[in-house]
Amino acid sequence: MLYEIIKGSKIAEPKITAIVPVYNVISYIDETIHSLLNQTLKDIEIILVDDGSTDGSFEKIISYGEKYDNICVAKEPNAGPGMARNNGLSIAKGKYISFVDSDDILPERALEIMYEAAEREQVGIVTGISVSFNNSRSWFIGGHFKKGVFKRGRKTLLQNPEMLYTLGPCNKLYRRDVVQDIRFPDSIKVAEDHPFVIEAYLKSNNIYTVDEIIYNYRAREDVGDISLSQIVTADPYASFKDIVASIKLSDVLFKQYVTNPVALQKIRIDYYDRIIATDIWPAYKGILLNGNAETQTKMFDAFRDLLDSMDFHLFNNLGVFQRLLTFETINRYTFIKEKARSSYLRALRLAYEKLDPGSFNKLLSSDFPKEVRAGEKAAKRNSVKPIYNRLVTRKLGSTISAGFEKIILANWRKLVGVSRNFYARRIAFPFYKLAKKQRKIVFLTNKHDVLSDSFKAVYDELILQKPDYQVVGYLKQPQRTISELLKMYKDIATAEYVFLDDYYRQIYGLKLRKDSEVIQLWHAAGAFKKFGFSSIGYADSNTESFERDAHQNYTKVVVSSSEIVPFYAEAFGVDEKNVLPLGVPRTDRFFNEDYKAYIKTVFEGKYPALKNKKIITYAPTFRGGPGERQQFIMNLNIRRLAEQLGDEYALILKMHPSVVRGVGIPFDLQEFAFNMSGEDINDVLINTDILITDYSSVVFDFSIMEKPVLFYAYDLESYLGERNFYYNFEEFVPGPVVRTNEEVISTIKANDFDLNKVRAFKERFFDDLDGKSAERIVKELIK
């Protein structure tokens, strides 16, 4: 795009060049320019680029250019702020670049604060706190604080994906060598700044945030005088088109700059989640509620194209997109024009095709499970009738239909004489077993409400190796309706394969069909504490009849090594030939160097206090029955460890999921100790240098990385009576056994660890050390 320099600046080597695109802002431009002229930092070049103004703004900035030597004025035909900024970049001479919109205001120390931070920290980008204001008030941007955008310190985009929530170009200072070859796209006017800022983030790879206010965004109040940031409301379809175009441009940049495939997948998830929630969502609602049939059709077709471009991993990590396409639209279905409904149905069908069982379970756990089910039926039948039926039923909710449903549920026992669980299990299930077996794989767990651990790894392999199978999942849910119970038992009764990862009470005592494979992917690796039939007679054990009901249907059990086959055969009461040492799928990530590198990067960004520290993780198991577990008292003395090890080490606490009682960390020790009980255990282990545990099977997973492990067995004798072990504990474990806090500290200080023992332990309990357990299980078991 051609531009003309009307008047150049006379400042030779400016510290900062501030670039201001100007278009019809005669009411605001004086305040903006004065806020730049009044900056406490000197040697600032100001470039004012007129974008074809017709209201006198051009003449106004000419008058400033004539008066001030550090002001440069340029002019271009109207092409939008992106092109104006590009032309300003071509002219700029400053060591650093700042973009300022022509209606906004900078606090007088803003550029000085950012310049000093850039020079001190030697980073490519500095950002800080932004404030919005109008004629009557000012306010902090809630989304920025909610996401932690303005937390002070050094950052990178991959370590701190919350920076995706500040993609405007104007509240930042850029080193010129970072952005001199980057340009704003000239084909779009909304979200045109996103690709520019994203590329700057990725190219710089170092960002510093100051915790001071450095920018004031104006929210215009006159309906006829709106800023570009307000166009989404005024013209939602134009905005929607530009946002989708911006997404495509940004996606290319992620693939260009992020070489780690795991990091690439995660940053794309974070980006899409942000862009859909904060940019597409407002435009979508505007089109849906106020659009005509043509714009609605184009929007739904664009949604389908966007969804079609996503792999199933990406889509199933975008809860906001799933909600938008399902119950959020179904709840507003009457706003969709008749001619646009077929386009919506096409998008809906593809959405349900791509949903994995965990994502579907999340949707069912929302406030609108019936709408989710209606959408599922509509997608399967390729008909909008189920949606109509649901809306009619809901409309009559206080009268006939909903009232009848309420009577049925409230009086179930009176109407049929049994509980709904009994009806589903004892009456419906045997009937369903008479049906023909289907090419269906069912995942059953009460441990997680999404696909995770081994289930996630196996599911991903099923999608790759066995796309012709229908895969469904029944994951952790507080309660199921009678219709959901019936559907679950029908799927179990007709499945070709059923996968479990633990006890699953819903099938206790049931006889599953003889020609189905029921595969137990036990959640723990190795064989440590006794469980199942092996633990009968000990304090923390079940009855023999309970264990028989729980395990009677298993046709295959998957374990990590040949050595432990007899233990699992005994524990589950199955023949040894059906216990297969194929590996533990959730440990595959320990062999994925890209994944481990990414997780270490994430932890550095999330927990900066851990940087340059050796990490000790304390991961004890639970004690006793369910009531006792909640009263777990930690015997590790955090303060004593901090006093003796704090200069060199940091401590992570990772409690067992069964221990619901919170673990408190004194305020003055929060730079030494971190409660990460909510983090994924495998991710914590990847970041761990020394593991302290007791009787937990986590030692098997940790041994894969051949790092030191210490066994803090202060209550060994009592635990032997509670559970006992398959091996002699003190001879078996691959690290020192200690009984006191002082022994913990002295062992760590002396570095008294034999990694050869750890290596031998690993090779003993994992037959295949290749990271391909999930691939092997699907290949060997799904015939």
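Colleague: Which residue lies over the face of Phe58, and at what distance from the ring centre?
Modeller: This is a predicted model, so side-chain atom pairs count only at pLDDT 80 or more. Over the face of Phe58 lies Lys75, and the distance to the ring centre is 4.2 Å.

Colleague: Which ring has Arg85 over its face?
Modeller: Arg85 lies at 5.2 Å from the ring centre. A charge counts as sitting over a ring if, among other conditions, CZ of Arg is within 6 Å of the ring centre. The ring in question is that of Phe184.

Colleague: Where is Glu192 found, and is Glu192 buried or exposed?
Modeller: Glu192 is found in the loop between helix H6 (176-179) and helix H7 (193-204). Its relative accessibility is 4%. Under 20% is the limit for this class, so Glu192 counts as buried.

Colleague: Which residues does Glu192 touch, and which of them is joined to Glu192 by a polar contact of the side chains?
Modeller: Not counting residues up to four places away in sequence, Glu192 touches Pro81, Gly82, Arg85, Phe184 and Pro185. Among them is Phe184, the ring with Arg85 over its face. The side chains of Glu192 and one of these residues are joined by a polar contact of 2.9 Å, and that residue is Arg85.

Colleague: What separates the C-alpha atoms of Glu192 and Ser246?
Modeller: Along the chain, Glu192 and Ser246 are 54 residues apart. The separation of their C-alpha atoms is 6.3 Å.

Colleague: Which residues does Phe303 touch?
Modeller: Phe303 is one of the residues with the most contacts inside the largest nonpolar core. Leaving out residues up to four places away in sequence, Phe303 touches Phe240, Ile280, Tyr284, Phe321, Leu324 and Leu325.

Colleague: How many residues are in the second, separate core?
Modeller: This core includes Tyr618, Tyr649, Tyr712 and Val738. The number of residues in this second core is 28.

Colleague: How many aromatic pairs are found, and what is the geometry of Tyr554 and Phe572?
Modeller: A search of the whole structure finds 62 aromatic pairs. Tyr554 and Phe572 form one with 5.3 Å centre to centre and 80° between the planes. Planes over 60 degrees apart put a pair in its class, so this pair is edge-to-face.

Colleague: Why does the pair of Tyr554 and Phe572 tie together parts that are apart in sequence?
Modeller: Tyr554 counts as buried at 8% relative accessibility, and Phe572 counts as buried at 1%. Tyr554 lies in the loop between helix H23 (544-551) and strand S15 (556-558), whereas Phe572 lies in helix H24 (residues 565-572), so the pair ties together parts whose separation in sequence is 18 residues.

Colleague: What kind of aromatic pair do Phe761 and Phe765 form?
Modeller: Both residues lie in helix H33 (residues 755-765), four residues apart, about one turn of the helix. Both Phe761 and Phe765 are buried. With 4.9 Å centre to centre and 50° between the planes, the pair is tilted.

Colleague: Which residues of H33 are buried, and what arc do they cover?
Modeller: The buried residues of H33 are Val758, Phe761, Lys762 and Phe765. They are on the same side of H33, because around the axis they cover an arc of only 100°.

Colleague: Which residues are exposed on the other side of H33, and which elements do the buried residues pack against?
Modeller: Asn756 and Glu763 are exposed on the other side of H33. The buried residues of H33 pack against helix H29 (698-703), strand S21 (709-712) and helix H31 (729-732).

Colleague: Which backbone nitrogen does a side-chain oxygen of Asp754 reach at the start of H33?
Modeller: The side-chain oxygen of Asp754 comes to within 3.0 Å of that nitrogen. The nitrogen belongs to Asn756.

Colleague: Where does Asn612 lie, and what is its phi?
Modeller: Asn612 lies in the loop between helix H25 (593-606) and S17, and counts as exposed at 78% relative accessibility. Most residues other than glycine have a negative phi. Asn612 is not a glycine, yet its phi is positive, at about 65°.

Terms used
Residues numbered from 1 in each chain as written. Predicted model: local features only at pLDDT ≥ 70, side-chain atom pairs only at ≥ 80, totals over all residues. Heavy atoms only, no water. Phe/Tyr/Trp six-rings, centres within 6.5 Å; stacked < 30°, edge-to-face > 60°. Helix = DSSP H or I, 4+ residues; strand = E, 2+ residues; numbered from the N terminus. Buried < 20%, exposed > 50% of the residue type's maximum accessible area, 1.4 Å probe, protein only. Lys NZ or Arg CZ within 6 Å of the ring centre and 35° of its normal. Arc of directions from axis to C-beta. Contact = heavy atoms within 4.5 Å. Polar contact = N/O pair within 3.5 Å; in protein donor to acceptor, adjacent residues only side chain to side chain. Core = buried A, V, L, I, M, F, W, Y, C linked by side-chain atoms within 4.5 Å.
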